[in-house]
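Here is a friendly walk through some helix packing. Please have a look at the model before reading on.

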Amino acid sequence: MVVDKVRSRYRIQLLNSIKACGRDKDLCKARHIHASILEKKLFVKDVYIATSLITTYAKCGALEKAREVFEQIPNPDIVTWNALIFGYAQKGRGNEVLNCLKQMRDLGGICPDRVTYISILKGCGLSWSLELGEYIDVEVRKQGLLQKDIEIGNTLVAMYSKCGALEKAWQVF
């Protein structure tokens, strides 16, 4: 029981340290923590640690490292996919976003959720990727999410506005 408490505390400290690296965009410390995790073989067992690493690497701009961590997860869940997709979207890498969506559906059998779409749309607005945003708009409308979720609608309006497509922003509004 004492060993479990120590492991639990260590895990929480590890997660907090990884998140701090992402917040501070400290790639050097993130790599150091990752090396420690690999040494102890922790993240293979813990999808939360792996997802935190993916998010941190993405925030630091190390998308290849994020993908490398992702590829080592036996069964990525929607949260893990969303972390990788948002990283690509934030950096304007629309082809990788579309590839992830396809792989998520085809290989993982996982359907995108509202967080997936909101993450992509926010990334499109940051990188001015209007074409990808329009594709996601079509997907959202096909699923009827625009009428069901005001945050998706707001994010679409913001994305179109940031991309300079004010007419489309107005139509969504």
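Which exposed residues does the face of H4 turned away from its buried side carry? They are Glu-64 and Glu-71, where exposed means over 50% relative accessible area, buried under 20% and partly exposed in between (1.4 Å probe, protein chains only).

A word on the ground rules. This is a predicted model, in which local features need pLDDT of at least 70 and side-chain atom pairs count only at pLDDT 80 or more, while totals for chains, interfaces and linings use all residues. Residues are numbered from 1 along each chain as its sequence is written, and side-chain values use heavy atoms, with hydrogens and water left out.

**Helix H4 and its surroundings**

Helices (H or I, at least four residues) and strands (E, at least two) are DSSP runs numbered from the N terminus. Helix H4 spans residues 63-71, and its buried residues are Leu-63, Ala-66, Arg-67, Val-69 and Phe-70. Seen down the axis of H4, these fall within an arc of 160°, so they line one face of the helix; the arc is that of the directions from the helix axis to the C-beta atoms. In general, an α-helix has 3.6 residues a turn, so residues three or four places apart point the same way. The cover over the buried residues of H4 includes helix H2 (27-40), H3, helix H5 (78-90) and helix H6 (94-106).

**Two helix pairs**

Axes are lines fitted to C-alpha atoms, for helices over the stretch in contact, and angles run from 0 to 180 degrees between N-to-C directions.

| Pair | Axes come within | Crossing angle |
|---|---|---|
| H3 and H4 | 7 Å | roughly 165° |
| H8 (residues 130-142) and H10 (residues 150-162) | 10 Å | roughly 155° |

H8 and H10 are therefore roughly antiparallel to each other, a label for angles over 145 degrees. Their crossing is left-handed, meaning that the near helix is turned anticlockwise from the far one by less than a right angle. From H8, the contact (heavy atoms within 4.5 Å) uses Leu-130, Gly-133, Glu-134, Asp-137 and Val-140, and from H10 Ile-152, Leu-156, Met-159 and Tyr-160.

The crossing of H3 and H4 is left-handed. Here Ala-50, Leu-53, Ile-54, Tyr-57 and Ala-58 of H3 meet Leu-63, Lys-65, Ala-66, Val-69 and Phe-70 of H4 in the contact.

**Thr-56 in H3**

Helix H3 (residues 47-59) also holds Thr-56, which is buried with a relative accessible area of 2%. Leaving aside neighbours within four places in sequence, Thr-56 is in contact with Ile-18, Lys-19, Cys-21, Gly-22 and Ala-30.

Technical notes
Angles under 35 degrees count as roughly parallel, over 145 as roughly antiparallel, 65 to 115 as roughly perpendicular and the rest as oblique.
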